[in-house]
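Please keep the sequence and the structure open while reading this note. The points below go from one part of the fold to the next.

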Amino acid sequence: MGLICAQSALLNGLAEWAADSFTGVRNMLLFTTDCFDSSVGTQLGVGLLDLFAYLARLDPETSPYAGYEFAPSDPLPSSFVRSRPHRLLGGQSGDDITHLPPLCIDGTGLLSLSAESLPPLPAQGLYLQCKAGAHSLVPVRVRSIGNTLTFSHNIALLMRVDTASWTNLGHGLNFIVPYIFAAFFEAFSSGGLPAVWRRRERLQLYLFLPGNGQDVLRAKKHPHMLPWLTLLSPHPPIFLADPGQPSLDASLLPEPVKLASLDTNNCHSAGIWGNPAVTDAFTKTGFDLLADIARALPPWQVNREELIRRVWSRQASQGFGGDGRDGTDEDDACLKLATDCIRVLVVTRGTYAAKKRSVVNLEEALRHVQLAYPDSEVRIAVVEMEKFTLAEEVALASVTDVLVGAVGSAMWWAIFMPEGACVVWLISQLSEVRRSLLDEPSIGLVPLWRKRAMLEYGTTRNLWHIYLYGQNPPKGVQGKFEADGEEDVESLFGVLERDVYIDIKQFVDSFSGIVKYLRRRYSTNATRSTI
C-alpha cells in the first residue's frame, strides 16, 4: 500500500509526499528483510533503485527495473544484482545522458524508437527515467518504422525541465551543463569550436515542463534558462505541452519557443535524452566547455574594450555605478584588455531578486577600499547584471579580476572569469548556534580563502573564493540580520533569507590580501590571462 501511495504521488508531481512515502516503504523493507531475509543483511542505504530491484526479485512485474544490473554506491548483497534487461533505457542512476536511435516524437511528447535500431525487446514496454521535479518514468514506444517516414538530419535534444531550472539563473546553468557536454564534447575533442558550431546547427531542442511545471508559464515567471539554450541550438525550441496538465495557449510561451501542434510527428536520425546532473557529476571539463562555447559563440560576440569603457571608465564608475557613458581617457590602463589594473565588479541584486540578502552598508565598505588604492591600480564598478545583454554579461565576467556579491545566482557569473581570479562572497552573519556546529572556530571572524565555491560548480573553476560573514548592524538599521538558533540549526539555507551588514574591517582586510595576491600573480606572469 505504501508503494502504491508513493507511485501515485510521483505520477501527480507531489515530490515531497512521494519522498516521504518511499522513505516509509524503505524503512519497512529494511525491517522486514532484517527479520526474514538473511541474504539482504542490515543495509542502511537502500534507495529507490534498490527498493525496486528488491521488489522485482520478488515479483518481476512489480517494476520496470526488473532484472536491471546496476552498481549502487552502497554495497548490496549479490542477490540484488541481476542480469540486464532492456526495459529501462539509459543509465542506472538517471544522471546519465542517453543517446537514442532514430526516433519520432508526437505533439504530446510521446517517443517512438525505431525497432530496426534496437536489439530484441521484451513485451512489457520501455521507459526512460526523468528526474525533473518528481522522479518519474517516461514510457517509450518501439515500432517498425522502416522507410515509411522521412527522418530529419537534425538530432532531437529532449529536455524535461524542472521549474527551478526554468526560473533561476543558477539552477538553469546547473541544468544545461550535462547537455552541453553530451552534445558537444566529442565534436570539440576532434575538431575544436568549428566542429561545435557545425554540430550545433544540427540540434533541435524539445522542451517539456512535467508535473505541474506549466504553471510557471501561466504565472509568467521570468525564464532565466531560456536564453542559455541558444548555446545548444540556433533553432527555436519546440515546446511539447503535457496533455495531463491544463491546456496551454501558445501565447503563454516566451519567444522564440514554438508550441507543437497535437498532430505533429517529427522524426529525427538520432536523439539525446538527459537528466539534471548531481553535483558530484560535474567536472572541470564540462564547465570549461560551457565557458569556451559561451565566450566564443558567434552571435554573442561583443566589443569587450567598449564594454570595459562603459563599466569601468572614470565617468561610469564614479559613485560605483556603470551608467553607460563612454570614457574618453585613452591612456587609462584600467580600460585596456591586457592590464595590471585590478578590475572589481560588484554585482547587486536587481528586479528579479526576491528582496532578500540586501547588502545594507555596501557603499560604505567600497569607499574604504576606494580610499586605500589609487583608481589607476584598483577600479571598482557596481552593476545590476540584468541591465546588460546575456552576451555582455558573459564578456563582462571574462574581463573581471574580482567579483563581489551576496550569496546567490549572481555568483554563477564566476564560471566565466579568468583562471586565478577572486570571488568575494558576502554572507549574512552566523548565529552562535550555527558557529558552534562548525569545525573551524574562526569562520565568520576573519576572511576565509577557499578553492571551493558555495554553489554547485564547487572546485571545477580555478578561482579563489573569499567568504565574508556579516555582523550585527547598529541600532535603527532596517533589515533582517538575525535568525534564531532553531532556524540556523534546521536550515542550511538560512543565510539566503537574511540581509547582510558587512564587517568593514574584514572587507578591507580581504581586499588587502586580494590586491597583494593579484599583484604578485601579474608581476610573475607578463602574459596576463585575457580571454
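How many bridges join strand β15 to β17, and do the two run parallel or antiparallel? Six bridges join β15, residues 422-427, to β17, and the two strands run parallel.

1. The model is predicted. Its chain has 14 helices and 17 strands. Of the 531 residues, 49% count as buried. Among the contacts with a separation of 6 or more, 70% are between residues 24 or more positions apart. The accessible surface comes to about 24,400 Å², and carbon and sulfur atoms account for 53% of that surface.

2. The sheet around β15 and β17. Strands of a sheet pair through backbone hydrogen bonds, either parallel or antiparallel. Here six strands form an open sheet in the order β13-β12-β14-β15-β17-β16, with mixed pairing. The edges are β13 (378-383) and β16; each has a single partner strand, so one side of each is left without a neighbour in the sheet. On average, neighbouring strands of this sheet are turned by 20° against each other, direction ignored.

3. Partners of β17. With β16, strand β17 pairs in the antiparallel sense over three bridges. In that pairing Trp449 stands opposite Ile466 of β17. Is β17 largely enclosed or left open? Five of its six residues are buried, so β17 is largely enclosed by the rest of the structure.

4. Helices on the sheet. Helix α14, residues 504-523, packs on the sheet and touches β12, β13, β14 (402-406), β15, β16 and β17. The direction of α14 makes about 170° with that of β17. Helix α10, residues 362-372, also packs on the sheet, touching β12 (342-347), β13 and β15. The direction of α10 makes about 165° with that of β13.

5. Ala453 lies in the loop between β16 (448-450) and β17 (464-469). Is Ala453 buried or exposed? Its relative accessible area is 6%, and buried means under 20%, so Ala453 is buried. Not counting residues up to four places away in sequence, Ala453 touches Trp425, Gly458, His465 and Tyr467. Ala453 and Trp425 are 28 residues apart in sequence, while their C-alpha atoms are 9.1 Å apart in space.

6. Val378 has its place in strand β13. At 6% relative accessibility, Val378 counts as buried. Leaving aside neighbours within four places in sequence, Val378 is in contact with Cys341, Ile342, Val344, Tyr373 and Val515. Val378 and Val515 are 137 residues apart in sequence and 8.2 Å apart in space, C-alpha to C-alpha.

7. Strands that pair with β11. Strand β11 covers residues 265-273 and pairs in the antiparallel sense with β2 (residues 98-100) over three bridges. Thr98 stands opposite Trp273 of β11. Four bridges join β3 (residues 103-106) to β11, again antiparallel, and Cys104 has Cys267 as its bridge partner. Strand β7 (residues 152-160) pairs with β11 in the parallel sense over five bridges. Ala156 there has Gly271 of β11 as its bridge partner.

8. Aromatic rings. The structure holds twelve aromatic pairs. In one of them, the rings of Trp228 and Trp413 have their centres 5.8 Å apart and their planes at 40°, so the pair is tilted. Trp228 lies in the loop between α6 (215-218) and β9 (238-239), and Trp413 in the loop between β14 and β15, so the pair ties together parts that are 185 residues apart in sequence. Both residues, Trp228 and Trp413, are buried. Together with Trp300 and Phe416, Trp228 and Trp413 form one aromatic cluster.

9. Arginines over rings. Arg160 lies over the face of Phe208, at 5.1 Å from the ring centre. Arg343 lies over the face of Trp312, at 5.7 Å from the ring centre.

Notes:
Residues are numbered from 1 along each chain as its sequence is written. This is a predicted model: local features need pLDDT of at least 70, side-chain atom pairs count only at pLDDT 80 or more; totals for chains, interfaces and linings use all residues. Side-chain values use heavy atoms; hydrogens and water are left out. Buried means under 20% relative accessible area, exposed over 50%, partly exposed in between (1.4 Å probe, protein chains only). Contact means heavy atoms within 4.5 Å. Accessible areas come from the Shrake-Rupley method with a 1.4 Å probe; for residues, only the protein chains shown count as cover. Two strands pair if DSSP finds at least two bridges between them. Axes are lines fitted to C-alpha atoms, for helices over the stretch in contact, and angles run from 0 to 180 degrees between N-to-C directions. Rings of Phe, Tyr and Trp (its six-membered ring) pair if their centres lie within 6.5 Å; planes under 30 degrees apart count as stacked, over 60 as edge-to-face and the rest as tilted. A charge sits over a ring if NZ of Lys or CZ of Arg is within 6 Å of the ring centre and within 35 degrees of the ring normal.
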